[in-house]
Structures are given as structure tokens and as C-alpha cells.
Amino acid sequence: MEPPLQDRGDNASVIGVPPRDAVSDRPSAQPQAAIHRLVPLIFSLVVLGYFALQVVFRVLSSGNLGLDEAEQLVMAQSLEAGYGPQPPLYTWLFLALQPLTGQGVLTLALLKFGLLAVTLLATYRLCRQLFGDPLVAAVAALSVFYLPQVAWESQRALTHSVIALAAVAVTCTLFVDLVSKRRSRDYWLFAVALAACALSKHNAVLLPLGLLTAALLLPATRPALLDRRLLLASGLTALLLLPNAIWMALNSEAVLARSVKLDLEPTTGPLDSLFAMGRALLNFALLPAVLLALLALLPTAGTSPRRQVAAGVRRLLTLGLALAALMVLLLVLAASADTLKDRWLTPLLFPAVPVALAWMAPRLDRRHLRLAAAAAMVIALGSMAVLWLRQFVPPDWARPPNMEAPFDALARDLPSTGTLLSTSNWVAGNLRLHRPGLAAITPEYRAALDPPAAGPILLVWQARDGEQLPTPLAALAAAAWGGDLPPNPPVETLEAPFPGGAPLLSLRVIRLERSPGNP
């Protein structure tokens, strides 16, 4: 077996990691070198400050929840090995934060934007491994804001995709450490990070698997994977995943509850699946491709810069990204999927923008870097501004965001204790936010059924589902009630307007009082 990948005398490893303190345009300029040494600190402060502001704006903007946030209020009623279609790590972290910051908007905001900060900081470290020059690495890390799924969707609405993004960013960084340094701790840290990927979102393991496959194919990195320490570390990964794996095996129906979102149809042909993959890639890559093309077309000023790039790291990441995309394509074809959302590609392909900049490195002078950084900052600050200002948009201009729905007003008419049943996680989570004493049950999350909570049973649905009790909710209520429901129970109407006076949020409520036969 070949010896570990140790540093050469010129500070470059076998896979080509450049000197960490390399300065690009004028390496001998001492003042510039001193400034470059401050870049990691400045970058960290900027990232932490940006997401701290996002936390403040989120707390000030609305006391209600969007779709994914509300789901957490339904799931996080107890510590379980699994909760439904999504892996449990996000909910576990939410439960861990609750004793410190409570069960509400602040905790959800701290968790989401904290994870996004981890993503940016881990991406910066990955870019240091790729470029060496801290200033170029900072610009490359900021370029992930070119992805609308990061700059907008992740900050606006997503939860599990956010933790998947953070887990994959950390895992990629640790994997480069593993193949370049081969210290024992690198294997164990990678094992823990890989388990975090699998526990964050099911598709989050594809890029790490792509990198593992790429490292096996490349002669310079293959010895690191043939080391017996990787086999031992994989045992730790399996051990960390075991409780959730057992839960999934025992609750397969809950795990597959959302497979319909892929539109799996036996009549779907390969061309339909290819078109689905193509549409998702186009939506994912269009904006960053345009911005990178504009940078590529911008002529260099003066002499050609001397950017140092870790060729081996660039080759490893490029091949890993290509293999991850191929895995997705094969899965889509095998499942005959007709739908693939672009946000599902984010944890797989987000390093593509920094890697593309690495291939453009010979043309990146100071003007390119300034424009690349300016574009990222405009996008990031623009997203922050729109997220804050959209609550003031008149209702006749655009549909109000889900987090503006007036659940706080509607919850005042509900009891403080009891069991809330709904087919909508959004409805159940928001009402539980304002009535935390209510146990919430939805078709996907039924942990509160056993043991049943004290107090009345409330059946709640939106008016758009009809005046009569919807059939799925009736079946759920029969399970919670423990038998046939009373005939023709009275239906109440709760209504309140969105901010600005329109539209109305209208709920229907049936109250069932427990009897001695229904404890």
C-alpha cells in the first residue's frame, strides 16, 4: 500500500492542495499578505452577521409559520427515531434547542439560519482547499448565492434541504482532508458527517457517494480509501444510522408517504424522465451559468494573474459532481419519475459554482473577483430585503406568504389543551404554535395517538376542503376517538383576514368531548 498523502516540500500535497497562504497577483507584497491573513476572520464575521440579521428580520416579520416550519411543530412533540417521510436530524436539533429558546419562531429561525451559516463557512474551507488563496476562496464560497435555491428558497421556506446542504458541505470538506492527510481523526469525522447526511435528507448521501467513487477511480486518492480505517469508520456510520434504519423498516408506509411527489407512473417513459431531469438542471443552473459566462467573457486587465489551484482537488470534486448527477439520472430513470424539483438537486450539486470558478482560475484577476463578489452580495442582500418587504405588499398585488396567515387570531377560539387532528401539517403546526398544550395528529405524524392527550378532540380543516368532514380526516378521527364518531356533530367556522384585509383564512372545527368510554 502506498504511504499516506503527505505534504511535499513545496507545501502542495499529492492531490495538489496549494499553499494556504498563497497570494495571487503579487505574492511578495507584505501588506497584501497581512490583509489576506485577515480574510478568514472577516469572512466569518460577515457570514455570521448576515444570518444574524436574517434571524432578527424573521422574528420581527411574522408570528406564524410557513409550510415546512409548521411541520416541525407537529413532528417535535417527542423524541423519536423517525417521524415520517423525512429523516429526523432537523427535528432532533429543533428539540435540542427548545429548552434554550423555546418552541417558536425564534428557535426555528436560529436553527435554519445557523445551518446556512455552517454551509457558507464549510464551503469557504472547501474553497481554501481548492484555491489556497483566502481571498479567492471567500469569493468562491460566496458564489453559492448564485443558486436561487440557496439565496431564496432555503432562506424563505425550506428546512430539511437546509440541513442537508450544511451536512454535505461539511462532509465534502472533511473528505478532502481525509484523502489528502489520511489522519485517523479524518476517517472518524467523515464517518460522523456521512451519517449526518443520511439523517438530514435521503438524497444528501449522493454527493458523498460520488466523491467516494471518484476517489476510488483516481490513482492519487485511491490509497486513502483502501485503508482499513475507512472500513472501521464505516462501522461507526452504520451504528449511528441503526435506530433510524430500524424505525424505517417498521414504518415503511410513513416513509413512502410522499413518493407521490415524484409522479411515479408505470407509463412514464425514459424520455419523460430525461425531460424531468433536464428541467430540474435548467432551473438549478440557469442563473449561475449566466453569471459565470459573463465573468468568462470579461477580458483580463493587464498581465495574466497567477492563480494557484489544487488540480487534484478540482479533479476530485469535478468527477464527484458528475458521478452524483449520474446517480440522480439513473434513479430518476429507474423510478420512471416524471417530476424532479430543482431544490432536490441543491445538496448534490451546490459546489458546482466554486468548482466552475476553479476551472476559470487562469482568467480570474482582481476585476473578475470584485464583480463575482459584488454579484453574490447583491443577490444575498436583495434576498434579505425582499424577504423583509414582502409582508408589506398589498394583498391585491400578490398572494400573501403562508407565514402571514392569521393563525394567531384563530387560535384564540380553541382550548389550551386537548388533541388537534388535521390533514394539513401547516394548519396543525400553526395552531399548535399558539396553543402548545394541544397534541397534534396528522396522517403522517401519529405519535400523539398513544397515549392520547387529555381534553377534547378537535377536528380542523380548511373551508376549501368543503363544509362536511373530509373522509381522510374522518378516518384519522375514528382512530383517535377509538370507535365510530357521533352522528352529525356540529361544525363551527373560524375566520380571520390576512394582514391588509384579504384574503380570509377560513377553518372548520368539530369539537368532540371525551367520554368515559373514550379516555
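Me: How does H14 pass H16, left-handed or right-handed?
Reply: In this predicted model, the crossing of H14 and H16 is left-handed.

Me: And at what angle do the axes cross?
Reply: Roughly 135°, with the axes of H14 (residues 311–335) and H16 (residues 352–359) coming within 10 Å. That angle makes H14 oblique to H16.

Me: Which residues make the contact?
Reply: H14 supplies Arg 314, Leu 317, Thr 318 and Leu 321, while H16 supplies Ala 352, Val 355, Ala 358 and Trp 359. By class, that contact has 6 nonpolar, 1 polar and 1 charged residues.

Me: Switching to the core. How many residues are in the largest nonpolar one?
Reply: The largest nonpolar core has 136 residues. Phe 51, Phe 145, Phe 175, Val 179, Leu 431 and Leu 507 have the most contacts inside it. Helix H4 (residues 105–131) gives the largest share of this core, 15 residues.

Me: Now Thr 221. Where is it found?
Reply: In the loop between helix H9 (206–217) and helix H10 (222–225).

Me: Is Thr 221 buried or exposed?
Reply: Buried, because its relative accessible area is 2%, where the cut-off is under 20%. Leaving aside neighbours within four places in sequence, Thr 221 is in contact with Ile 15, Val 179, Ala 214 and Ala 215.

Key. Residues are numbered from 1 along each chain as its sequence is written. This is a predicted model: local features need pLDDT of at least 70, side-chain atom pairs count only at pLDDT 80 or more; totals for chains, interfaces and linings use all residues. Side-chain values use heavy atoms; hydrogens and water are left out. Axes are lines fitted to C-alpha atoms, for helices over the stretch in contact, and angles run from 0 to 180 degrees between N-to-C directions. Helices (H or I, at least four residues) and strands (E, at least two) are DSSP runs, numbered from the N terminus. Angles under 35 degrees count as roughly parallel, over 145 as roughly antiparallel, 65 to 115 as roughly perpendicular and the rest as oblique. A crossing is left-handed if the near helix is turned anticlockwise from the far one by less than a right angle, and right-handed if clockwise. Contact means heavy atoms within 4.5 Å. Ala, Val, Leu, Ile, Met, Phe, Trp, Tyr, Cys and Pro count as nonpolar, Asp, Glu, Lys and Arg as charged, and the others, Gly among them, as polar. A nonpolar core is a set of buried Ala, Val, Leu, Ile, Met, Phe, Trp, Tyr and Cys residues joined through side-chain atoms within 4.5 Å. Buried means under 20% relative accessible area, exposed over 50%, partly exposed in between (1.4 Å probe, protein chains only).
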